[in-house]
Amino acid sequence: MKTIVVIGGSKGIGQAVVKEQLAHNNVVSISRTLNSLEHPNFTQYVCNILTDELPVLPNVDALVYCPGSINLKPFKRMSVNDFTDDYEINVLGAVKAVQNYLPQLSESSKQPSIVLFSSVAVKMGMPFHTSISAAKGALEGFAKSLAAELVPSIRVNCIAPTLTDTDLSSRILRNDKLKLLHAERHPLKKYVEPEEVAEMVGFLMSDKAMSFSGQIFEMDCGLINLKV
Ligand SMILES: NC(=O)c1ccc[n+]([C@@H]2O[C@H](COP(=O)([O-])OP(=O)(O)OC[C@H]3O[C@@H](n4cnc5c(N)ncnc54)[C@H](OP(=O)(O)O)[C@@H]3O)[C@@H](O)[C@H]2O)c1
């Protein structure tokens, strides 16, 4: 049994990861609000990654960092503070989490790994995405460089999803008409469900993914990679 720490396990993709992993692993969630889930393998802490001390944990075999942002508006309406805020939650929060639990990950004898989240907006230029693509681009650079530094003992990978049906995207997917519209603009005629991402996270943390580190996995429903 591994101990998997999910920063942001109360909602969205992180919550789906928690649910998927509970049957076989100890899962620790750290977020500002509590998950209603109860399970003998589940522990949770209320903590703001940006302002609070992270809980002291004796063992960490895998770390998943989920907090992120969707701050979409025209560049001329973006302030420098918007860029700073997105950088803080997407990049510096991840840096803080990794730095905090690196000693435990380094001690792990259970094929330790780290999973981070980027976005399709890094590879594909989309209007109104200047701030989030800048932050996620930085995160991808961090993930690759960190993977090189921690090789061969700790694997680091990054998942870059397209639109995923979570709290974060609830305004974009707020009704059936918008859901259909956003599904239609993807070549696979769908957006992503959080459970699909959780399965990918599960794979990347597992012993089946021993050949993968320093990689960015696009879950793009064909958006970046297919021209149809
Ligand atoms: N959803 C999408 O369409 C989409 C698309 C591309 C990429 N992504 C990326 O995928 C990742 C997961 O996204 P998601 O849609 O699952 O997001 P979400 O629904 O907003 O969930 C984020 C999780 O992080 C926690 N969190 C946020 N700020 C925090 C803070 N300061 N301290 C501690 N915990 C914090 C939230 O819990 P609390 O509110 O309880 O703190 C929540 O559990 C993000 O990095 C996002 O950028 C998402």
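**Entry 1: helix α1 and its neighbours**

I began with the axes of α1 and α5, which come within 8 Å and cross at roughly 60°; axes here are lines fitted to C-alpha atoms, for helices over the stretch in contact, with angles running from 0 to 180 degrees between N-to-C directions. I therefore put α1 and α5 down as oblique to each other, given that angles under 35 degrees count as roughly parallel, over 145 as roughly antiparallel, 65 to 115 as roughly perpendicular and the rest as oblique. I noted the crossing of α1 past α5 as right-handed, a crossing being left-handed if the near helix is turned anticlockwise from the far one by less than a right angle, and right-handed if clockwise.

Before going further I wrote down that this is a predicted model, in which local features need pLDDT of at least 70 and side-chain atom pairs count only at pLDDT 80 or more, while totals for chains, interfaces and linings use all residues. Residues are numbered from 1 along each chain as its sequence is written.

Which residues of α1 and α5 make the contact? From α1 I listed Gly 12, Ile 13, Ala 16, Val 17, Glu 20 and Gln 21, and from α5 Pro 194, Glu 195, Val 197, Ala 198, Glu 199, Val 201 and Gly 202; two residues are in contact if their C-beta atoms, placed from the backbone, lie within 7 Å. I sorted the residues of this contact into seven nonpolar, three polar and three charged, where Ala, Val, Leu, Ile, Met, Phe, Trp, Tyr, Cys and Pro count as nonpolar, Asp, Glu, Lys and Arg as charged, and the others, Gly among them, as polar.

I then looked at how covered α1 (residues 12-21) is, and found eight of its 10 residues buried; a residue is buried if 20 or more other C-beta atoms lie within 10 Å of its own, exposed if 12 or fewer, and partly exposed in between. The buried ones are Gly 12, Ile 13, Gly 14, Gln 15, Ala 16, Val 17, Val 18 and Gln 21. Their cover includes the strands β1 (3-7), β2 (26-31), β3 (42-46) and β4 (62-65), together with helix α5 (194-205). Helices (H or I, at least four residues) and strands (E, at least two) are DSSP runs, numbered from the N terminus.

**Entry 2: the ligand shell**

I counted 27 residues around the ligand, the closest being Gly 8, Gly 12, Arg 32, Gly 68 and Thr 166; a residue is near a molecule if its C-beta atom, placed from the backbone, lies within 6 Å of it. Which element gives the most to this shell? I found that α1 does, with three residues. By class, I divided the shell into 11 nonpolar, 13 polar and three charged residues.

**Entry 3: α2 against α3**

I next took helix α2 (residues 80-107) and helix α3 (residues 130-150), whose axes come within 8 Å and cross at roughly 20°, which makes α2 roughly parallel to α3. The crossing of α2 past α3 is right-handed. Among the residues making this contact I noted Phe 83, Tyr 87, Val 91 and Val 95 of α2, and Ile 132, Leu 139, Phe 142 and Leu 146 of α3.

**Entry 4: two single residues**

I looked up Val 27, which lies in strand β2 and counts as buried because it has 27 C-beta neighbours inside 10 Å. Leaving out residues up to four places away in sequence, I found Val 27 touching Ile 4, Val 6, Val 18, Gln 21, Leu 22, Asn 41 and Phe 42.

With the same exclusion of residues up to four places away in sequence, Leu 204 touches Ser 113, Val 115, Asn 157, Ala 209 and Phe 212.

**Entry 5: backbone details**

I recorded a cis peptide bond from Val 151 to Pro 152, with omega near 0°, and placed Pro 152 in the loop between α3 and β6 (155-161).

Gln 111, in the loop between α2 and β5 (113-117), has phi near 50°, a positive value in a residue other than glycine, and is partly exposed, with 16 other C-beta atoms within 10 Å. Cys 221, in the segment after β7 (215-219), has a positive phi of about 50° although it is not a glycine, and I counted Cys 221 as buried because it has 24 C-beta neighbours inside 10 Å.
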